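Subject: Model handover

Hello,

Here is the model for your work. Please open it first; my notes follow below.

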Amino acid sequence: MGLLSDPQSRERVLLFLIRHNSKLCILCYALGLVWFLLLPLPPLSAPTYISENALLPGLVKREFVGGPQALSLSREFAANKALVGGLPVEWLNKTMTSLGLEVHTQTFAVDLPFPDEINERYHVRGTNVQGVVRARRAASTEALVLHVPFLPEANDQAMGLALSLAAHFRKQVYWAKDLIVLVTEHDLLGIQAWLGAYHGINLTSLGVRSSELGGYCGALQAAITLQLSSDVATSIDLQLHGPNGLLPNLDLPNLVHHLCLHAKVLCTVQELLPPQEDNAWWQSMHIMLLQALGQASTKPASEHGLFLRHRVEALGLKAINSHRQEKASLEKLGRLLEGVFRSLNNLLERFHQSFFFYLLPSLQSYVSIGNYAPCAAAILVVLFLCAVELWAKLNPEKERRTREAAASNPASIPWLSVIGSIVIAHGLGIALYLGPLVAHQRAANYFDLPEDEAVSLTALGIGVSSLSLPHRGSTPQGWIWLKLFALLELGMLLLALDLLNFPLAFMLAIPTVPAAVVSQPSHKTASIALLLVASPAVISLMGLAMKTELNPHGPTSGQLGGFIGLFLRWLQCLSQSILEHQSLGTNLYPLFTLGLFPCWLQLWHVALWKE
Amino acid sequence: MCQYCLIQVCTSRFWFNYRHVANVLSVYRSVKRLGIPDSHIIMMLADDMACNARNPRPATVFNNAHEQINVYGDDVEVDYRGYEVTVENFVRLLMGRVPPNTPRSKRLLSDERSNILIYMTGHGGDGFLKFQDSEEITNIELADAFEQMWQKKRYHEIAFIMDTCQAVSMYQKFYSPNIVAIASSQVGEDSLSHHVDSSIGVYVIDRFTYYLLEFLEKIHPASQNTMDELFRVCPKRDCISTPGQRTDLFSRDLSTVLITEFFGSVRKVELVTRVVSVPSLRDLLTTVPGKKDDINEGVTLSNVFADQLPVAQMVQKGKQKEWHPPDGFILAFWALVLLVFFKTYGMKHLTFIF
Amino acid sequence: MIPCIVSQTPMIIYIFHFLIDYSELVFTVVDITTTVILYLSAKKTALYLWEKQKCRKWSVDVSEILLRPKSLHWLPLHVAAAYLLNPLTVATCVARSTCAFHNLLLALLMLATQHNSIMLSAVFLALASYESLYPVVLLFPVILQLAQKEVKGKLMLQNPYLLCFILEYTVVFLGCLSILLMLSYSLLYSSDFIPAVYGFILSVPDLTPNVGLFWYFFTEVFEHFRLFFICIFQLNTFIYTLPLIIVLSDHPQFLMFIQIALLAVFKSYPNLGDVAFYLALLPIWSHLSRYLRNSFLVLCLLLSCGVLFPILWHLWVFSGSANANFYYAATLAFSTAQILLISDYLYAFRRREFHLKYGTDIKTQDGRKMMVELK
């Protein structure tokens, strides 16, 4: 409080801030960047450990011997799949019942707002099948989920393994939680319909019609989503993040990693080998960046992601069959899963001991929120410093103010032009948010385009045309007010995002913060250049390029290389993000259009302010 | 009155603490083998492992991976269980301040001739032992409880055995006479488990208790082993933690004290030549003045037995009223503070403060 | 722990017996009425400030810090807009918090006091105190305000007229209050509502998280210290009254504003509606803005709290990934910002008074410009 009440020291601090403002801004920005680059290194990333005592990983003798059964079931499933030409509900029903499971099916229907050209679907109809292994000596108040997404081309072995595991689990007496073997159709849409019906809520704006779900099993404690399309696997890849950058409690990936080590199965994240001694920094950084990009895309890494939104800790396990020597048979994988489920069965409360906010440079180490928060804070401080400087410019400290300045200053706020600009920016943001959905039909008819291209082109059209909106500044001082407002809005946006989805916030902050700080009418060229780099379109394009560059498999075949290919993929992503926002509730598109774009447009107006 | 009493406490809940229950049940089995009857054993188990849904061997508890002995046999009497195992109940049990309707099995019926063995296990820290994952007993509380027992002549000698992390800290504050204490680990050390039963999937026993049992298996009611041998049952290479002991409160030389004085029920029989006439129950009843015939005999008998308990008298004395500060005390206190404040600074100076 | 399910006064419950079906409408109407009353009250206040400025003697060269008729002209509109358009008010209205009624009563009290109506102000003060107990402390500013018109002679404690007036007003107030309490009694035929309403406010049995300071502290505090700390926390709410009266006895308007703001911060179950109410009164004191020192900091803090509250609540209660400490940190920051704001206004007011008395351009003996410090 001394600093706040003593006018002399106050003034000294303020003068210091104003005099060295640009240096301090650069320092903070550089600090944030360097801190982020140092994150994979030991003092900031600590070795992982299992902090939930109740899990007791790896203490039990694994008894699963259903390898051959799993194989034959998967063959049978594949045959029936080919026969039916879709999910063989009848066969599943019959098989699950014969294995002693309590079977329930659920049909659902979703109408997408516009046709999804990539997955080729519009009016989606599907069926989910759920088989329950009831715990004999418990009261059905808690449940675990083994989830197998149905894929037309793959995942047969996962189905076989899940069924034979369920048959094995059915015979055991030690269950304290029910076990649900869940087969869902139409990837995320199916699991969303099931979760919605199970919890009795609908989390998206889209109406999902689904039939009543039988066989309630109590609160879901954990879920494992299995992807396995080969008879043997060389490694298991953990898929962590859910929609909007949600992560499962760190104990869950740690548990699976621990059991993989125990079973001598290679376990990876982001499909990259664990960092080796030489070049560890880059390899850890690579994994961390891929995770960050995945979270920033707000798209779930696999079908498990939607569980996370219902507060169910979930993990996607994807078995990979590469050219490595050590192969794990279905039986070995089954034993691994048995270990995972027996550990989960031991849980007494929901996962809460370990971290929910973390970055993983590798499976052996993690960066906790306390260690990565400083880089977010350092970059936010830049915005605050810049705002303080502007504020001081508008309100010279009263002690030093001369009579003339006092006379000229009051009521000089150019309300009209500033508020006009703010309203225009936000109005355009709303237009950009709603436009593609409202206008895509007309655009598709008019230009004879596929509908999803029409959607992305409409968005692009609205975005680009908003740039050309003329703006006349009336007073020389007006831009300061506008910029102050934009800085505060951007700061609040990034602050909120830092808590919800740190990687996204950081990736937005890196280009936008310098552009926001620099933009002013007197440095027109520099600010326009920086603002163009920081525009939402360019940021998302860069994110996409980075993802392609870092992807361990490189661009998949059939995709065009070069800038044109990138641009086409970007257009696709644009329409996908709108679709995902509507159907799954990911919030990248509203964030860009309703949050980032208005801020950016205001800064654009600042840069083009006519004095 | 029992000459030998045993209190066994397992304070931890939850499936992953299976070993603590197994510890207590194994010690129970050993001392029962040495002749202490169930009526003299008070067992407190905070959780029911045998019936836990996660137990692949329902209704059993094993203390060994070979699963030879089911320590949760047919004749286990658990006196305090589940949520009855609280710090309050434990301290009340020690001091005998139990509610009047408490059954005999839940009372410590001891007097100044009783030797008491107390065995505790659970999760401890420096100076405390966790009960039920929700409350703790501190070493000072425990020491005070023992002192009160001593003053109320509720024990002759106590052997206190503790198998928890940092167990030594629990006996450091004892100050009452005739207590010998043994603990599994020093302050700052963890007490470790011995091995896993991989078919049950949990750690089944702690190291200290494992070696203690191994030692007790060799004892029989006529053994001449002395208490100081107990200090050497678990050397550091076996236990990994360093067991500690405290003998300074104990008046006798421990190398002369037989183990069976605490772990067994060998009665010292004194032969007399005199003929002692024991009055029959009916005679006892006639000494009760008045109404002899018109009272239901059963009721009267139970009254007579209840009256014999010193506990009952203690309870009937009535609880002392606890002292509370008067309701207005705090307000008056603040009024005083304000008064002093104004007296010191005066009204005028207030303007400069704000 | 919680003695009753409902902790509203019997009158409110009785009234809502009829209004519950139209509650959306009722709350909207109440908010709009409050706005209108605030407008009228601010108009009167502006006049009062103007009158007061005219009839006092000022030091030389203070013209630039004097009130201007132009700014006073727009003042009522600013107040009304600040109340009606404040997102916090809208949120309170949407949430249908009875805080809206509380605010209405406070606004009515201010209006009645401005119009020097002894009876009405006593009635509204009694109603407000009956509703939520804390407004009892507004008795002092109201008395001071009314006494300026009603009492002859100087406002000194030795003045028998003043004492007489205080006595008179207090009797009227207590009379109103007792009538209200008796009415409530006759509604229920029991006095259970007194512990259920006022006991509930004073002993803080409900620890549902809110934007205040009580809930977290009393979930953490040991049971046997509870009484002691409740006394301290409640005392803290009332303790500022006496020194504030001494300092601001000539400016009951400002005293009332500060009191309302302090109650909004320190009461046992504060909510955002209370904050919205006193924020709406800020435009009345906009002439102090040149002496505010931390306004930007406070602005940033309040804004970020506004963003953090819903997010941290979501992370804690819905997604379960953050915990109570995160949310409590935000409430702490929020309270700090409010206290900074209030103390800043108090300082600015005192400083302006000082300059009005001694001039703006004061030099020390060696010719340097003098600085005013807050000690």
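A residue is buried if 20 or more other C-beta atoms lie within 10 Å of its own, exposed if 12 or fewer, and partly exposed in between, with C-beta atoms placed from the backbone. This is a predicted model: local features need pLDDT of at least 70, side-chain atom pairs count only at pLDDT 80 or more, and totals for chains, interfaces and linings use all residues. Residues are numbered from 1 along each chain as its sequence is written, and chains are lettered from A and ligands numbered from 1 in the order in which they are written.

Active site, chain B

The unreviewed UniProt entry annotates B:His123 and B:Cys165 as "active site". UniProt positions are in the numbering used here, feature names are shortened, and annotations may be inferred rather than shown by experiment.

B:His123 counts as buried because it has 20 C-beta neighbours inside 10 Å. It sits in the loop between β4 (115-121) and β5 (124-125) of chain B. Helices (H or I, at least four residues) and strands (E, at least two) are DSSP runs, numbered from the N terminus. Not counting residues up to four places away in sequence, B:His123 touches B:Ser12, B:Lys130, B:Thr164 and B:Cys165. Contact here means C-beta atoms, placed from the backbone, within 7 Å.

B:Cys165 has 21 C-beta neighbours inside 10 Å, so it counts as buried. Its loop runs between β8 (157-163) and α4 (168-171) of chain B. Beyond four places in sequence, its contacts include B:His123, B:Gly124, B:Ser185 and B:Asp190.

A sheet in chain B

Three strands form an open, antiparallel sheet in the order β5-β6-β7 (chain B). β5 and β7 (135-138) of chain B stand at the edges with a single partner strand each, so one side of each lacks a neighbour in the sheet. Strands pair if DSSP finds at least two bridges between them. Strand β6 (residues 128-131) of chain B is joined to β7(B) by 4 bridges. B:Phe131 has B:Glu135 in β7(B) as its bridge partner.

Chain A

Which residues does UniProt list as "transmembrane region"? The unreviewed entry gives residues 21-41, 371-392, 413-434, 454-472, 484-506 and 526-546 of chain A. Residues 21-41 of chain A are 86% helix and 0% strand, with end C-alpha atoms 31 Å apart. Residues 526-546 of chain A are 90% helix and 0% strand, with the ends 24 Å apart.

Helix α8 (residues 251-263) of chain A is mostly covered, with 10 of its 13 residues buried. Among them are A:Leu252, A:Leu255, A:Val256 and A:Leu259. The buried residues of α8(A) pack against β7 (219-227), β9 (235-239), β10 (266-269), β11 (313-320) and α11 (330-346) of chain A. Just after α8(A), A:Lys264 takes a positive phi of about 55°.

Interface

The contact takes 17 residues from chain A and 13 residues from chain B.

Confidence

pLDDT is the predictor's confidence in each residue, from 0 to 100. Chain B averages 79, and 77% of its residues score at least 70. Over residues 290-307 of chain B the pLDDT is below 50, and this stretch has 7 contacts beyond near neighbours in sequence. Where pLDDT is low, the predicted coordinates should not be read in detail.

Best wishes

Notes. Two residues are in contact if their C-beta atoms, placed from the backbone, lie within 7 Å.
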